[in-house]
Amino acid sequence: MTPAGTQSNGPSKNERREAAREQARIHREQLRKKERRTRLIWQGGGVLSVVLVVALIVWISLGNQKVTGGGPTNMASDGFKVSLVNGEIKPVLNAAQPATAAPIPNEQATPDKVANIVIYVDYLCPICGQFEKTNAPTIDAWLKKGFATLEVHPIAILTNQSLGTKYSLRAANAMACVAALSPDNAYAYNKSLFENQPEEGTDGLKNSKLTELASAAGASGSAVADCIDKGTYQDWVVAATTRATGSQLPQAPDGTKVTGTPTVIVNGQPYKLTQAGLTDPADFTAFVTKVVSAATPTATEAPTATPTATP
C-alpha cells in the first residue's frame with residue numbers, strides 16, 4: 001500500500017503479475033501461429049494457393065531418415081492409377097521399384113479424348129479433403145463412363161503436424177500397402193481415407209483404424225495389417241515425397257514440382273486451385289473440358305454428378 005501523499009514509483013505486484021501473464025499468453029499464441037504456417041496463403045484476386053515452404057517442410061518432416069528397401073508394386077510411377085476396363089474401374093498393375101528409383105510414368109490415354117487426371121495428396125491436408133469432397137463424385141462419374149483416368153500420388157509433407165504420430169507418413173504407407181497387396185481395393189481405400197480424414201494438428205488415426213478402414217474397403221488379411229503396422233513402405237514414402245517436391249514431375253510442363261497439396265495435373269496441364277474449385281465442381285469441370293480438346297465431358301455429355309456431404 002502506498003502511503004498517503006506519496007506516488008508509486010512503478011506498477012504494483014498485481015500489475016506486474018498480470019503483465020507477465022499477458023506476455024506468456026502472447027508467446028503461446030505466437031507458437032501456435034508458427035505451427036500453422038503450412039496453412040493456406042491467400043493471394044491477390046481471390047486465388048487460393050496451397051503453398052508450402054518445401055525445403056523447410058521436407059527437412060522437418062523427412063530429414064535425417066535413411067531411405068532403404070523397395071517400393072510397392074503397382075506404384076512404379078510413385079502413384080497408383082485406375083481406369084475403366086471392360087466396364088469396371090480397375091488398377092494399372094506394374095512391378096515394384098527400389099525406393100530410391102526414379103518413377104516410371106504410366107502410359108496415358110489419348111489426351112484429346114480422355115482426361116488423364118493426376119493428383120498429389122497428403123491425407124492430413126484439409127484442402128485435399130475439401131477438393132476430394134467437392135470433385136470426387138464428378139471424377140468418379142467420368143471414370144465410370146471412360147471419360148477419365150485417375151492417378152493418385154500419396155506423399156507426406158505434413159508429417160510433423162500430428163502431435164508426433166507422423167500421421168501423414170503412416171497414412172501414405174497404408175495407401176501403398178493396399179495398392180501393393182490388394183490393388184483392386186486401392187481406389188476405394190483412397191476415398192475412405194478422405195471420408196475419415198482427421199483434423200490437422202491432432203494425433204490422426206491409429207494404425208489399427210487404418211487397418212480397419214482397409215478391411216472395410218475390401219483389403220482385408222494379415223498381410224495388409226502387418227504392412228500398415230510395420231510401416232513397410234515408409235522409406236519409399238519419404239523418397240517419393242522428396243522426388244515430388246524436388247524434381248520435375250513427369251506428367252507436367254518443365255519445371256513443375258509439388259509446392260503444396262493437392263497438386264492436380266490434367267493431360268500435362270496444372271490445375272490452378274481456386275476458392276471456387278473447393279466448393280463448386282463446375283470449376284474443375286470447366287478446366288477439364290478446356291484441356292481435353294475432343295470427346296471430353298461436354299455440356300451435353302458431361303456427367304451430372306452432384307457433390308454431397310461425403311464423396
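Colleague: In which sense do strand β5 and β7 pair?
Modeller: Strands here are DSSP runs of type E with at least two residues, helices are H or I runs of at least four, and both are numbered from the N terminus. Two strands pair if DSSP finds at least two bridges between them. Strand β5 (residues 115-121) and β7 are joined over four bridges, and the sense of their pairing is antiparallel.

Colleague: Before we go on, what kind of model is this?
Modeller: Side-chain values use heavy atoms, with hydrogens and water left out, and residues are numbered from 1 along each chain as its sequence is written. Local features need pLDDT of at least 70 and side-chain atom pairs count only at pLDDT 80 or more, while totals for chains, interfaces and linings use all residues, and the model is predicted.

Colleague: Which residue in β8 is the bridge partner of Ile265?
Modeller: Let us follow Ile265 to both sides. Strand β8 (residues 269-270) runs antiparallel to β7, and two bridges join them. In β8, the bridge partner of Ile265 is Pro270.

Colleague: Are the residues of β7 buried or exposed?
Modeller: Buried means under 20% relative accessible area, exposed means over 50%, and partly exposed lies in between, with a 1.4 Å probe and protein chains only. From strand β7 (residues 263-266), Thr263 and Ile265 point one way, and Val264 and Val266 point the other way. Whichever way they point, all of them are buried.

Colleague: Which residue in the turn between β7 and β8 has a positive phi?
Modeller: β7 and β8 form a hairpin, with two residues between them. The turn residue with a positive phi, about 50°, is Asn267.

Colleague: What is the peptide bond from Thr261 to Pro262, cis or trans?
Modeller: Pro262 is found in the loop between α8 (234-246) and β7. Omega for the bond from Thr261 to Pro262 is near 0°, and the bond is cis.

Colleague: What is the relative accessibility of Asn86?
Modeller: Asn86 sits in the loop between β3 (80-85) and β4 (88-91). Its phi is near 50°, a positive value in a residue other than glycine. Asn86 counts as exposed because its relative accessibility is 78%.

Colleague: And what is the relative accessible area of Leu163?
Modeller: Leu163 belongs to the loop between β6 (148-154) and α4. Although Leu163 is not a glycine, it has a positive phi of about 55°. Leu163 is exposed, and its relative accessible area is 59%.

Colleague: How are α4 and α7 oriented, roughly parallel or roughly antiparallel?
Modeller: Axes are lines fitted to C-alpha atoms over the stretch in contact, and angles between N-to-C directions run from 0 to 180 degrees. Under 35 degrees counts as roughly parallel, over 145 as roughly antiparallel, 65 to 115 as roughly perpendicular and the rest as oblique. Helix α4 (residues 167-181) and helix α7 (residues 222-230) pack at about 150°, with axes 9 Å apart. That makes α4 and α7 roughly antiparallel.

Colleague: Which residues of α7 does α4 meet?
Modeller: Contact means heavy atoms within 4.5 Å. From α4, the residues taking part are Asn173, Ala174, Cys177, Val178 and Leu181. In α7 they meet Ala223, Val224, Cys227 and Ile228.
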